[in-house]
Amino acid sequence: MSSSFLSASEAARRLGVSAKALRLYEQRGLLAPVRSAAGWRAYGPDEMGRAGEIVALRALGLSLAQVARVLQGDPQGLEPALAAHQAALEGRLRQLAGTIERVHGLRDDLARGRAPTAGELAGLLSPPGSGIAFDLPWPWGGERFELGPVRPLTYIIGPLGSGKTRLALRLAEMLPGATFLGLDRLDDSGAAVKARLDADPDLRARIDQTLAWLVEDGAMASDALVALLAGLEAAGPVVVDMVEQGLDQPTQEALIAHLRRRGPDSRPLFLMTRSCAILDLAAVGPDEAILLCPANHSPPVCVAPYPGAPGYEAVATCLATPEVRERLSRGPATS
């Protein structure tokens, strides 16, 4: 194989996506890597050019079905995606304007003889936004916990018995206007949600629109997905217990891609998960954070999404594929 051809891992690294994303593009017929004599996927200049177009279109907020249509010369559905991308860019402009204002204030202080603190300087590297601080519940024994700024997407992860559910419940109590979306959303096949949708045509229309988008992206419509989408329509922050519950892998991948497209000004979502389809460590972006509840009941910590970062291996160990998660949810096999 020519040196101009790249392995899947090298192609993914250069494109800034995960190898799993490249496999998904291939499964949907958007990309066709060549095969080496040994059967390994390889990406030459043509394949890398095509993959680069797909990555760029995804960054604009297009679903995989819309990407396929654009690559075929059909602009159907571009207007909503471009409008959403414009809104996201405008949100980032507001963030940048806020940071410029803070820099201006620090320079004024410096001119008056007041040196900025290390915390003020470090804060210039973080997007503006309010944090949250509270005393942790049992099993942490009242230790102080601080999180800030709160990102649009925060994953809560930890091994069984680590206290992540208690942390999620406390977050829902302390965040102004927050909602806790528990597993009871699946009770009676989502009967309560169906009644709510029947009573609120506007909500049903929004759910139907989002559901259609996700199905285009490979999701499977289900009571579990509808119940989740209805819960995510809450006005304030939402804390979700095991977001992947009842969803297969393509649905999880379509869902998290949809949530990532919301932009930096979006309502905060806290997603409890142990699925590597939801929390793809290679795909975590600047508007996302990972909260790890350690097994030894040390206070929860924020973990950076790259190998070698403190806590990274513990997070990776907690994650499992949707198939493994499904087996675990059924409990041990009986003879």
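At what angle do helix H9 and helix H11 pack, and how far apart are their axes? The legends below begin with this pair. The model is predicted: local features need pLDDT of at least 70, side-chain atom pairs count only at pLDDT 80 or more, and totals for chains, interfaces and linings use all residues. Residues are numbered from 1 along each chain as its sequence is written, and side-chain values use heavy atoms, with hydrogens and water left out.

**View 1. Packing of helix H9 against helix H11.** H9 (residues 201-216) and H11 (residues 249-260) pack at an angle of about 120°, with their axes 9 Å apart. That makes H9 oblique to H11 (angles under 35 degrees count as roughly parallel, over 145 as roughly antiparallel, 65 to 115 as roughly perpendicular and the rest as oblique). Axes are lines fitted to C-alpha atoms, for helices over the stretch in contact, and angles run from 0 to 180 degrees between N-to-C directions. Helices (H or I, at least four residues) and strands (E, at least two) are DSSP runs, numbered from the N terminus. Thr210, Trp213 and Leu214 of H9 make the contact with Ala254, Leu255 and His258 of H11 (contact means heavy atoms within 4.5 Å).

**View 2. An open sheet of 3 strands.** The strands stand in the order S1-S3-S2, and their pairing is antiparallel. Two strands pair if DSSP finds at least two bridges between them. S1 (6-7) and S2 (34-35) are at the edges, each with a single partner strand, so one side of each has no neighbour in the sheet. S2 pairs with S3 (residues 41-43) over 2 bridges. Val34 stands opposite Ala42 in S3.

**View 3. The cis peptide bond from Trp138 to Pro139.** Omega of this bond is near 15°. Pro139 lies in the loop between strand S4 (132-135) and strand S5 (144-147).

**View 4. Ser189, a residue other than glycine with a positive phi.** Phi of Ser189 is near 55°. Ser189 belongs to the loop between strand S7 (179-181) and helix H8 (191-199). Its relative accessibility is 44%, so Ser189 counts as partly exposed (buried means under 20% relative accessible area, exposed over 50%, partly exposed in between, with a 1.4 Å probe and protein chains only).

**View 5. His297, a residue other than glycine with a positive phi.** Phi of His297 is near 65°. The loop that holds His297 runs between strand S10 (288-292) and strand S11 (301-302). At 29% relative accessibility, His297 counts as partly exposed.
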